[in-house]
Amino acid sequence: MVGFCVGSARKLHPAANRTMPRARRMILGHVMSGLCSKMNRTKQLPADLMETPLNRCLNTFDITLLGIGHMVGAGIYVLTGTVAREMAGPAIVLSFILAGLVSLLAALCYAEFGTRVPKAGSAYVYTYVSIGEFWAFVIGWNIILEHMLGAASVARAWSGYVDSMLGNIVANLTMELTGEMHEQLLAKYPDFLACFVCLSYAVALATGVKATAMINSILTTVNVAVMALVVVLGFWYASPNNWSLPGQGFVPFGFGGVLAGAATCFYAFVGFDSIATAGEEAKNPSVSIPLATILSLCVVTVGYVLVSAALTLMIPYNEINPAAALPEAFGMRGITWAKYAISTGAICGMTTTLLGSLFALPRCIYAMASDGLLFSCFGKVNTKTQVPLLNLAVSGVCSALLALLFDLEKLVEFMSIGTLLAYTIVSASVIVLRYRPISVEETVHLAPDTPGTDEEDGGPAPLPGTTAPVAPTGGGIDSSSQSSTIDPSSPTSEMIEIALAGRLRPQFRWLEPVLGRCEPGVACSGAVLMFCVLSVAVCFQLENSWDELYHGTWWALGLYGFLLFCLVACVVVISAHHQNTRGLQFKVPFVPYIPALSIFCNIELMVHLSFLTWLRFFIWLSIGMLVYFLYGIHNSKEGELGTSYSMLMSTNEAIRGWGATSTALGGGSKVTVTKIIKGRISRKTTVGDRQAIVDDDDDEDS
């Protein structure tokens, strides 16, 4: 019996060998498809976006001062002297303008997302609802790094500024007690004062968001007043000759120095994204977030430009002391009393910047933990203070350790890469969402004058003035003459705009042989991805072969010409499609051009970072990948099915309007968006009189 079984097994063995690889391929394909589905799933937003365990108590003024306080700190009191003395000279004014413009491009994108998603988490949440879970985790992981390094760097600057006022007593005493750290990656000596500052401010933030906002408002007001004093006194003692020194001129280091100064000054504008992080604690986020973002960035840019101009007009740029530029400049002019006022403003400014970083960091961790991507213990909020206290404690300790061991220069450079990557993906997400249509499977309640199904009306009807029927996919909807027959403010017009999103415009029908088979929105998303890849290629080539391009080498001209043509082609493909802007109280102007320019500028600044910075970044990212694939992807609260962008594409008022009619209809029947458009337009085309429609509906009800 045993021999028979063995013999039978041997006879079946060749067939088993043929089927087993096929089974393994099927199992592997199923596993991989499931993994990709999980990585690409998008966040479903709750029905009530305003519901939150956090305390919604911040008005527009509070949030604006939060943004100003986060930006005006170490940048103006520490970087200004270094950039003016060593990089740009008097042209530091141009450096601040360029850095402010690049930041403004990203700030506009943040402002639009702040109206779409009034939730804590900033760019992390924005990426989650638009692109997918994997990229959202990458951005969230980098934002954690950004704010942690930001808090540590400002604590270092705070400590160094106070120490310089005291004659370097703290540094000398520390080196006598502990000695120097002779490791290249670490600071010269451990900064216990910076460590203590991080911990003490973290304890202060635990009192609650309203108390934090009040402290921030007071300190920011003092800081802005000191900046105004610097500008007034600086221009009073200004000498125009300092901008035209013999043999130096206004741009002593050339345009390359202006660009290098702009890349460094970009650090001074990091922090406006903390405004979006406060979206879940704002009373009216759809109004406060965009308004506070634009106002704070404009105020800070004007302040930086005026202060740097006053500094370089007071004394020659080559006499500026990088360690304490503003106090020393006023001391050289004999205004000793102003030194103490400036020092007070510097301490207040750095304090608000540190508070801003420690404010945003625990809320980003909270947002990721609430979605299940980080450990659940970080998703708890204290019921008394309405603050995630555990997150705040971990954030304070980690920032304090970084401030203890690393110096300011290494912290600033490492922080820039995560910030620029977040700005890039947010800008790309704005384009993706603008051109992504509502899902055909998404349903809404019928309006009273909306026909029920296609069968009741005899099939789909063409749009007014066209011959092509409404199609759920492809580019078959022609909107060339809709405006003459449909009121743009009507629900019908809104639903038509939603259905047209991601489809080719009538004037770009010549692209239909190439893009006609693409699903709505797919061509735009692919063009955004291709634009990012080509931008990386162009920026790397500019970094490595600028001399060949400058001297007109034939291969360099041909290569750059081809790459630029492809970049322009990507933008043309995107702009050839319909957008959906319904429900946005703030919209980025000139989409896709402004977000595309933001993407290119951010990538250009990232390319200039050092290799060691990229190496540290990939090490941090590798740790994040372990967290995501071992924990986050298995504990995510988002299911396999369903997306959330349909909620983003339509107004809350429209959704409530459709839902309100369901009780009147009694049956609560639902149809797809495309069917609603077909039915409503066929009713308007077959019955020319509005009264006839009403009478017809009354007859049906009777």
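Trainee: How many residues has helix H12, and how far does it reach from its first C-alpha to its last?

Mentor: This is a predicted model, in which local features need pLDDT of at least 70, side-chain atom pairs count only at pLDDT 80 or more, and totals for chains, interfaces and linings use all residues. Residues are numbered from 1 along each chain as its sequence is written, and side-chain values use heavy atoms, without hydrogens and water. Helices are DSSP runs of H or I with at least four residues, numbered from the N terminus. The expected span is 1.5 Å times one less than the number of residues. H12 (residues 285–314) has 30 residues and reaches 42 Å, close to the expected 44 Å.

Trainee: Is H12 mostly covered or exposed?

Mentor: Buried means under 20% relative accessible area (1.4 Å probe, protein chains only), exposed over 50%, and partly exposed in between. H12 is mostly covered, with 22 of its 30 residues buried.

Trainee: Which residues touch the most other members of the largest nonpolar core?

Mentor: A nonpolar core is a set of buried Ala, Val, Leu, Ile, Met, Phe, Trp, Tyr and Cys residues joined through side-chain atoms within 4.5 Å. Among the 169 residues of the largest one, they are Tyr77, Tyr110, Phe137, Ile144, Met350 and Leu374. Helix H6 (residues 133–165) gives the most to this core, 19 residues. A second, separate core of 12 residues includes Ile63, Ile275, Ile289 and Ala292.

Trainee: What does Leu374 contact beyond its neighbours within four places in sequence?

Mentor: Contact means heavy atoms within 4.5 Å. The partners of Leu374 include Phe137, Trp141, Ile144, Val627 and Tyr631.

Terms used. Helix = DSSP H or I, 4+ residues; strand = E, 2+ residues; numbered from the N terminus.
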